[in-house]
Amino acid sequence: MSVPRFWRELDTRYNLIGSYCKITKTYHYPRRSFNPEAGRESIGGMEDYQFKGTGEIVTSTVVYQAQTGYEMFGPYCMAIVKLDEGPMMTTQIVDCDPNTVKPGMKVKSVFRKLGEDSESGILHYGTKFILSEEIEIEEDNENLPDIEV
Amino acid sequence: MREVSIIGIGITKFGELWDKSLRQLGLETGLAAISDAGITSKDIDALYIGNMAAGSTLQQEHVSALMADYCGLASQNVPATRVEAASASGGLAIRQAYMAIAGGFIDIAVVGGAEKMTDVSDSESSYTVSMGSDEQWESKAGATFASLHAMMTQSHMQQYGTTREEMSAVSAKNHYHASMNPMAQFPFTISSEAVSNSGLVSSPLRMLDCAPNSDGAAAVVLCATEKAKKYGKKSIRIIGSGQASDTLSLHHRKHLNQMPAIRVAAKRAFKSCGKKANDIDLIEVHDNFTISEIIALEEIGIFRRGKAAAKILEGETKLGGKIPTNTSGGLKARGHAPGATGIAQVVEVVQQLRGEAGDRQVKDAKIGMVENHGGTAATAVIHILEGE
């Protein structure tokens, strides 16, 4: 993705900034300067809104054939998350066994690297989600390699 | 509004056509269609080209002029227009020509679709296909095109209890049909068990749930019905046409297991000819993934919502069944060359209505339907065709 194209959306991507429509009293993500449901009256009436970053899984999948740039994550979990304020978004669920993710689970946003243009290109950061409730992962400490610090 | 007929068809074999370029494919299929129609290049008023991805796969835009030129129409300065709506490009190109003829602007148009998906690596062609969804807020977030359909499948399974066995039946049935289609990319049968045991692409979708990214081309000649009698072949009338759009992103839809654009396009097409779902003798639907065939049949109203998968498993959509679906083999087994797909679907229905479909002929086929969509059905195009 080109630098200006990414730069334009920095606050939307980094801080989950979307829009609040004063006419319909609804929230929108990503940011829109126009609410399709309210029509042209909404122009000028859309306020920036920072989402709390909490929501729940609507549906999910474990991706085995990774998207370009996501090969290092595979298999990884992609989900459609419904934010507590209403809007839905497509996002990666990280820091968990992808097979444990189920509809209805609570999630919260985290700031993560999304990708890079090339080995020496710029890095893209943005929002991904983690499960809010800790899922116990059984660790086999005995088999962990000894690392000298 | 004037009536419009299809008077000629042409199609290449779909597959990995490494020895053929986009322009060769276009010429081959265009010539086949005008020969079939019994017209000459002098009769052509306009050219419409369905192509999704030449810019990203071949670094070639302006495909309309390219095709006109290499089909020998540049010296006549024939107007040529490229139509793009991801995988619905072909169906939409037909609709543009249909409207231009119905509106009285022109009499004869050639509509061609061509795509080269195998000149680039698998990962590049897969990324190109995902450009039909929202590149910024779906693809770049890590969602493959398959993963979006996988989430639709999860949602459909959760709400309606759709099973693995039912999904596999879609793919096995389409391969069975393709085994009788010499132009198919995969003209052989596969068992339902093979589909169920193929590798996971994006759970629960497996490799044999997914259509390939193919090379291929198809073309049709459209003519004002009042002038069609002049030309030799049996002409097939386009009696209904409908188009609709929806949000580009799946996550902006109210229901993740529905494709409302198909429902609306079908309603508009039915309304334009006064027909109903149970008047349809056969149908080609856009099965880029097995779930898409299931949802499309529900949206069009062939089966009630949540019931299509079970009916497919019972064999109602198989050749000889109540409503043969994807007798060409569908996108899964005939192959999926995005810009050509919507036109290849129409070619199949024309062959069926002419009674020229060989071993896969649907008995007494009078009315056929074609459903073609782009992205996760952010664009849907429906045509209803009637034989003589």
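Reader: What makes residues of chain A and chain B count as being in contact?

Author: In this predicted model, two residues are in contact if their C-beta atoms, placed from the backbone, lie within 7 Å, and by that criterion 23 residues of chain A are in contact with 25 residues of chain B.

Reader: Which strands of chain A supply the side that touches chain B, and what is the largest share?

Author: At least two residues each come from strand 4 (54-63), strand 5 (76-83) and strand 6 (88-93) of chain A, and the largest share, six residues, belongs to strand 4 of chain A.

Reader: Why is chain B described as having two domains?

Author: The bounds come from an automatic or database domain assignment, which divides chain B into domain 1 (4-121 + 214-236) and domain 2 (136-210 + 239-386). Their C-alpha centres lie 23 Å apart, and the contact takes 35 residues from domain 1 of chain B and 33 residues from domain 2 of chain B.

Reader: Which element of domain 1 of chain B gives the most to the side that touches domain 2 of chain B?

Author: Helix 4 of chain B does, with seven residues, and that side of domain 1 of chain B comprises 20 nonpolar, 10 polar and five charged residues.

Definitions and conventions: Residues are numbered from 1 along each chain as its sequence is written. Chains are lettered from A and ligands numbered from 1 in the order in which they are written. This is a predicted model: local features need pLDDT of at least 70, side-chain atom pairs count only at pLDDT 80 or more; totals for chains, interfaces and linings use all residues. Helices (H or I, at least four residues) and strands (E, at least two) are DSSP runs, numbered from the N terminus. Ala, Val, Leu, Ile, Met, Phe, Trp, Tyr, Cys and Pro count as nonpolar, Asp, Glu, Lys and Arg as charged, and the others, Gly among them, as polar.
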